[in-house]
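Hello,

Here is the structure I promised to pass on. Please look through it first; my notes follow below.

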Amino acid sequence: MERGRTVIGSPSLWTTAGVSLDLTGAIALASAGLWLIPRRDRFGGAGTAAVAALFLTALWAVMEAAASASSAIAVDFVTSLAESVRNLAWLAVIHRFFASDGRHASLAPIRPVIVSLAFVEMMHFVVDLVFARMEMDEQILGIALEFGVMLRLLVTVGGLVLAHNLYAGAPREARASLRWPAMGLAVLWAFDLNLYTIAYLAGTWPYEIAALRGLSAVALSACIIIGGAGNREDLRLRPSRAVTFQTFSLLVIGVYLVAMVAVAQWLSYAGGNFARLVELAFLTLGSAVALVVLPSRRVRAWLKVVLAKHFFQHRYDYREEWLRFTGTIGSDQSAPLGERVVQSIADVFESPAGLLLTPGETGELTLAARWNWREIEVPAVAMGKSAIAFFERTGFIADLDDVRAQATVESDIPEWLCDHPRAWALIPLVHYERLVGMVVLARPQLARKFDWEDFDLLRVIGQQVASYLSENASQLALAESARFEDFNRRIAFVMHDIKNLASQFSLLARNAELHAEKPAFRADMLVTLRNSSDKLNALLARLSRYGSGGVDRVEHVPAHDVVALVMERFRDTPQVVLAETCDVAVTASRHSLEQVLVHLVQNAVDASASDKPVFLSLAVEGLNARFEVLDSGTGMSAEFVRNRLFKPFVSTKPGGFGIGAFEARELVRAMRGRLDVESREGLGSRFTVRLPLAAASDFHPNYAEKVA
């Protein structure tokens with residue numbers, strides 16, 4: 001009816017396309033019906049009705065093809081009748097679907113809606129029958145077209161509402177069988193809704209769009225086949241997150257461009273003398289806003305969160321996350337392992353920076369690596385042993401915003417983390433119930449609360465990273481042990497030769513003491529030989545301490561005397577300045593303490609320019625004496641302090657043996673003391689030696705051991 005009451009005839013190209021697509025749709029629908037006959041029980045009580053509806057829809061598609069090739073009003077009437085029968089058949093299918101899970105009884109409006117839509121289709125049939133038998137002019141034909149289109153719109157809108165409620169209101173276990181039939185009906189009626197809306201607004205039949213109706217029939221048959229397939233879950237559309245985000249971005253851009261064109265057209269129609277000026281200003285402002293907002297990282301992060309929350313069952317694409325994680329850990333070998341560890345975890349939340357804290361020699365967490373976070377100040381002891389025990393026992397992932405808001409976690413998180421506004425999260429790295437590190441993440445562009453999926457992913461990644469760190473530490477320990485073995489083997493030969501030489505000198509001294517003729521010569525020879533023998537024996541004793549950490553006898557030593565001896569050694573170096581001293585005694589070895597301080601001062605001088613002072617100070621700190629060597633030289637990175645400074649056989653000096661810093665630390669430990677280092681690249685370094693006071697050792701003989 002609709003075609004016969006408008007301009008007769010359509011372009012031959014669209015006619016050919018329409019006939020081809022309609023016949024293709026008819027073949028697809030008939031094939032789907034034949035395929036579904038032995039499988040109709042997969043749709044429950046609606047299977048038989050669905051088969052009948054498929055064949056009736058195929059008949060309608062054939063009539064559509066015939067109507068596209070002919071302009072006879074009788075053909076239009078039969079086609080309209082076939083479309084009414086098609087709609088009634090699918091309304092019956094929807095009713096059977098509702099009856100399959102009992103919702104036709106629990107949802108009272110369902111049956112009246114279906115009956116009302118069936119009544120509208122019957123009314124449309126009566127109207128077609130009446131107008132087909134009447135002779136009418138063009139004006140009456142237009143009115144008949146509008147009336148018929150309005151009735152079709154009522155049916156399509158009602159059908160879309162029913163299809164939506166069929167799937168959205170179904171129990172979760174029933175949605176798998178209803179998803180594809182509901183989608184197919186939605187495609188069929190959504191196409192008709194757009195077709196009849198355009199026909200109503202334009203007052204004429206849109207041949208170009210009507211020629212594509214066969215596509216909706218093909219889509220309907222495909223959805224029915226997928227819904228009836230046994231492996232329909234495998235056919236479920238699962239776009240990747242990257243494709244979804246890019247598609248949504250293109251959709252946003254498209255909507256923006258359409259809105260811009262619509263507003264510009266409205267301004268051109270509604271504006272007055274300044275219409276073009278207002279239109280140009282609006283386009284300029286809108287383009288500027290788009291250029292500023294769309295490239296924003298915060299906007300992109302917000303879009304990703306929204307899409308992940310509403311389009312995917314899980315927030316993360318675990319395949320992509322794991323590939324990115326392994327790529328970050330294993331690809332760029334030029335970056336230290338600590339930085340790669342931080343980056344691999346930070347990428348999960350798009351965090352821009354982070355820190356890696358690892359246990360030091362005494363058990364506290366110290367800074368091991370930074371990644372894009374140079375401005376944060378990290379103390380020498382980043383986290384105490386009580387916090388380590390808590391995280392090691394619980395594996396708790398701390399949201400620092402929650403910690404700041406309310407003290408709900410008794411984890412003894414240090415103040416420097418809570419006070420820094422960018423510090424966002426703490427992720428413990430636990431390996432075999434032992435904490436091997438802690439990652440601190442900076443706040444991302446779009447911070448959000450952690451949920452169960454975040455915790456699960458971070459625990460898995462944390463365990464994997466912890467295994468990498470533990471394996472790397474084991475490899476370094478094995479390499480160090482191998483170097484020590486070689487070093488000890490070499491020193492054994494040196495000690496043997498020096499011991500023989502010392503024995504010869506001692507024998508010479510004894511013979512000279514017995515056989516020398518001149519007393520003056522004898523005395524002079526004895527002094528010389530004894531001094532040489534003492535020096536060689538002292539050297540032998542020092543060499544024997546390598547690898548054992550031994551020192552000379554520990555006794556009460558005036559600390560200011562040792563400092564004075566060190567200053568005497570550097571009297572020709574004016575940049576060495578004694579900043580502070582005090583009269584205090586410590587429990588130590590005089591020779592070992594002097595050796596440690598001389599080494600630290602010499603290193604500070606080597607690292608500083610000739611016009612930069614090096615300060616040596618002695619002060620009392622509680623029950624300890626504190627020796628400090630402070631310089632403003634080149635400084636050292638946290639990675640160097642952590643992984644290289646105290647490693648033997650690693651030296652930055654040409655020809656250096658690389659055991660000076662290691663020996664100094666071992667000597668201080670042997671005296672039951674502690675050596676700490678604070679350094680920043682470009683600012684300088686501070687070496688602090690703490691030794692127990694003699695008074696404290698007298699008060700409690702085991703105090704030094706307890707401090708250590």
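**Helix H15**

In H15 (residues 385–394), the buried residues are Ala387, Ile388, Phe390 and Phe391. They lie on the same side of H15, because they cover an arc of only 160° around its axis. (The arc is taken over the directions from the helix axis to the C-beta atoms.) An α-helix has 3.6 residues a turn, so residues three or four places apart point the same way. Lys385 and Arg393 are exposed, on the other side of H15. Buried is under 20% relative accessible area, exposed is over 50%, and partly exposed is in between, with a 1.4 Å probe and protein chains only.

Contact means heavy atoms within 4.5 Å. Just after H15, Gly395 has a positive phi of about 65°.

Two notes on the basis. This is a predicted model, in which local features need pLDDT of at least 70 and side-chain atom pairs count only at pLDDT 80 or more, while totals for chains, interfaces and linings use all residues. Residues are numbered from 1 along each chain as its sequence is written, and side-chain values use heavy atoms, with hydrogens and water left out. Helices (H or I, at least four residues) and strands (E, at least two) are DSSP runs, numbered from the N terminus.

H13 (residues 318–330) holds Glu321. Glu321 counts as buried because its relative accessibility is 14%. Its side chain makes a polar contact of 2.6 Å with that of Arg324. (A polar contact is a pair of N or O atoms within 3.5 Å; within protein, one must be able to donate a hydrogen and the other to accept it, and residues adjacent in sequence count only if both atoms are side-chain atoms.)

H13 packs on H14 (residues 337–349) at about 160°, with the axes 8 Å apart. That makes the two helices roughly antiparallel, a term for angles over 145 degrees. Axes are lines fitted to C-alpha atoms over the stretch in contact, and angles run from 0 to 180 degrees between N-to-C directions. On the H13 side, the contact includes Glu321, Arg324 and Phe325; on the H14 side, it includes Arg340, Val341 and Gln343.

**Cys582**

Cys582 sits in the loop between S7 (576–580) and S8 (585–588). It counts as partly exposed because its relative accessibility is 24%. Leaving out residues up to four places away in sequence, Cys582 touches His560, Leu618, Ala619 and Val620.

Best wishes

Key: Parallel < 35°, antiparallel > 145°, perpendicular 65-115°, else oblique.
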